[in-house]
Structures are given as structure tokens and as C-alpha cells.
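Trainee: Could you walk me through the aromatic rings here?
Mentor: Gladly, let us look together.

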Amino acid sequence: MFRKNVLLVLAVVGAVTIPCLQHGVSAFEIFPRPEGQYTVQRGDTLYGISGYYYLNSALWPFLWNQNPAIKVPVSGGSPEKQPLTPGSRVDLYHTRQSSRLFQQTYVPPNSNTDDLTFLIQKNPYKGYPYDKKYFRYKLTPRATKLWGYIVCAVDEGKDHILERDLVYIRFRPSKKQVVLVGDRFGIYRDKGPLTHPLNPDREIGYMTEIVGEIEITSTGHDLTTAIVLDGYVEIQRGDKVCLYTPRERELVPAKTHRLLTGTILYSATRETYYARNHNLENDIVFIDRGECDGMSDGMLLNIYRPSHPVADPYFGRRVAIPDRYIGEGMVLKAFEKNATVLITKGREEVEPGDVIKSVSD
């Protein structure tokens with residue numbers, strides 16, 4: 001009789017305890033179980049799979065982190081564009097929909113220190129909104145290839161050209177034959193050769209600034225007519241025309257496990273500097289590090305001002321002191337040997353010669 005009562009008590013305790021344990025396991029589950037799997041087909045990439053299943057291609061780092069077994073070729077460029085091995089399995093979380101975390105609206109960081117911290121820690125997969133004005137600067141080793149130039153506006157006597165104006169363009173003979181009605185081109189200006197801020201005898205390349213976009217409306221024997229679709233500044237006669245195809249994309253702020261350092265070469269949006277402090281957030285600068293050095297789009301950077309050695313008060317020798325922190329930035333576009341950086345926070349005015357350091361994990 002006693003044994004029967006013991007078994008009855010154990011059965012009751014088990015019936016009460018097991019559901020609680022199951023609920024506790026699901027509540028404290030660190031790695032949730034995938035909601036589905038996808039078999040990689042020939043030509044599939046992390047970028048394409050994220051765009052199809054999460055409706056946002058910028059979430060490819062999230063997909064890669066949740067599938068450590070995915071093998072991505074190291075050589076050949078960005079990992080998100082490399083073809084995956086056909087037949088491999090990819091675990092999918094929140095299939096065909098994004099969680100509430102991804103649906104939050106992003107507010108660009110301001111002078112408040114906590115804003116950028118919230119962006120990195122609380123909302124790591126939300127991309128930085130695309131804006132053409134941030135992606136229209138480029139630093140190249142050689143001058144941009146010339147396709148043509150603006151001769152004048154269709155309206156006589158008009159020197160400054162705005163949006164929706166018609167213009168005449170003269171293309172190079174070798175390029176004119178491939179220009180068709182409906183083609184779009186960029187209008188740019190060369191800033192000329194730039195020199196290194198720490199070594200004036202060394203040229204660092206040519207800066208190109210896109211100032212507008214045009215669309216071909218008709219072609220002629222000598223001149224081509226086009227309409228100005230967008231103008232960031234007043235377009236002038238003599239502005240050059242080149243190929244320009246902006247892509248809608250989002251940048252995902254990311255850290256790195258490597259310590260990368262570099263130097264700020266030139267400011268794309270400011271030509272003069274002042275002694276007083278100014279709010280320089282959202283300015284664009286060039287740095288002397290690119291894809292060949294490990295830079296990638298969305299990488300977060302800290303900006304420092306090199307400090308001069310000071311005299312030791314007791315021994316008289318010069319002592320080096322740490323560099324002074326002055327701001328933060330994010331890589332907008334990494335080219336082969338340089339990159340454009342957006343200043344997201346600035347305590348002081350950022351100048352050529354300042355040092356950048358990558359934000360590590």
C-alpha cells in the first residue's frame with residue numbers, strides 16, 4: 001500500500017513538473033529552432049537568399065551568423081555576392097517575415113552618445129537609409145573617363161541649369177554611337193589631383209563629384225538633347241558627363257575583429273576649416289584604406305587627433321601621450337585603395353591628417 005501511494009505521488013509531481021520544465025526551456029532558449037530550411041541552388045548567394053526570405057538583402061550577415069556551416073569562398077570579392085555550394089542546407093528564422101526588431105524606424109545618430117550605441121547594440125541588422133547625396137563622391141587613381149560635356153541649355157542665355165531643363169550635350173565620337181534615347185548619365189566635376197595631407201609631394205588621386213543626372217531625349221548628328229532629372233547643385237556649361245547608375249541599398253553598421261588604422265585624406269563636402277568647433281555630422285571624408293586593406297561597406301570607425309609629445313616634468317625627456325578622440329564615422333563605400341566615410345558624430349572639427357581606427361567586436 002505504501003509503495004502504491006509513493007508511485008501515485010511521483011506521478012502527480014511529474015505531471016506538474018514536466019510542463020513547467022518545457023515552458024522554462026522554451027523561455028530560456030538561447031538559440032531558437034529554425035522555422036524552415038532551404039536547399040541551395042546553383043548561383044544562390046547570401047544576398048539573394050536574404051532578399052527573398054527576409055524581404056531585405058541587407059540582412060545577409062544575420063543569415064550568415066545563424067548558419068556557421070555555410071562555406072563562402074574567400075577570394076573573389078564581397079562574401080554576400082559569392083555563390084554558395086549547391087545542395088547545402090540553410091536554416092531560416094522568421095521565414096518570409098521580419099521580426100519587430102527589423103521593422104523599427106532608424107533615426108540617424110546625432111551628438112548624443114547613446115544614439116550610436118543603441119544603433120549597434122539594440123538594432124544591429126537595420127540598414128542605414130540610402131541617400132544619393134552621400135554616395136556621389138569618389139576618389140580614383142586616374143581622372144574619370146569622359147563621355148561628353150554640356151554645351152549649353154536649350155533656352156538661350158541660360159548659364160545656370162536646374163532640374164527639368166533641357167540641355168545640349170556633345171559626346172565623344174567613339175561614345176556617341178552607343179548612346180540611345182532613354183539612357184541615363186551622371187553630370188560630374190573634377191576637383192583635380194589631390195595631395196596627401198602628411199606628404200604634399202605625393203598625389204593621392206582625383207576626386208569626382210556627381211552634381212546631377214540626365215536622361216537622353218533625342219539624338220542628333222552633332223549634339224544630343226537631354227533633360228535634367230536631378231541636380232544637387234546648379235549645373236553649369238562645361239560640366240562633364242559620365243556613366244552613373246546609383247543603386248538603392250542599405251548599409252548595415254558592423255564592427256570587425258581586426259584593428260585597422262588609416263588617415264583622413266580630404267573632405268568631400270568642406271573645402272575650408274575653422275578654428276572653432278562646428279557640427280560636422282553627415283559630412284563626407286576620404287580615407288587612405290580600402291578593400292585591399294580589409295575595409296568594407298558599413299564598417300564603424302573612431303576618429304582621433306594625433307597628440308604631440310610633452311616634456312616630462314622631472315626627467316626632461318619627451319613623452320608620447322594617447323591620441324585625442326574627436327568623433328565617429330561609418331564607411332559608405334569601400335573602393336580598392338580608399339573609402340568614403342560618413343561622419344556620424346563629431347566633438348571637434350575633423351581635418352585631413354586625423355587618424356581613424358576600426359571599432360572592434
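**Aromatic rings and their neighbours**

Mentor: Trp 147, Phe 171 and Phe 185 form one aromatic cluster. This is a predicted model, where local features need pLDDT of at least 70, side-chain atom pairs count only at pLDDT 80 or more, and totals for chains, interfaces and linings use all residues. Residues are numbered from 1 along each chain as its sequence is written, and side-chain values use heavy atoms, leaving out hydrogens and water.

Trainee: How many aromatic pairs does the structure hold?
Mentor: Rings of Phe, Tyr and Trp (its six-membered ring) pair if their centres lie within 6.5 Å. By that rule the number of aromatic pairs is three.

Trainee: Are the planes of Phe 171 and Phe 185 stacked, tilted or edge-to-face?
Mentor: Planes under 30 degrees apart count as stacked, over 60 as edge-to-face and the rest as tilted. The ring centres of Phe 171 and Phe 185 are 5.4 Å apart and the planes stand at 55 degrees, so this pair is tilted.

Trainee: And which kind is the pair of Tyr 304 and Tyr 325?
Mentor: Here the centres are 6.0 Å apart. The planes are at 70 degrees, so the pair is edge-to-face.

Trainee: Is Tyr 304 buried or exposed?
Mentor: Buried means under 20% relative accessible area, exposed over 50%, partly exposed in between (1.4 Å probe, protein chains only). Tyr 304 has a relative accessible area of 18%, so Tyr 304 is buried.

Trainee: Which residue has its charged end over the ring of Trp 147?
Mentor: A charge sits over a ring if NZ of Lys or CZ of Arg is within 6 Å of the ring centre and within 35 degrees of the ring normal. At 4.7 Å from the centre of the Trp 147 ring sits the charged end of Lys 175.
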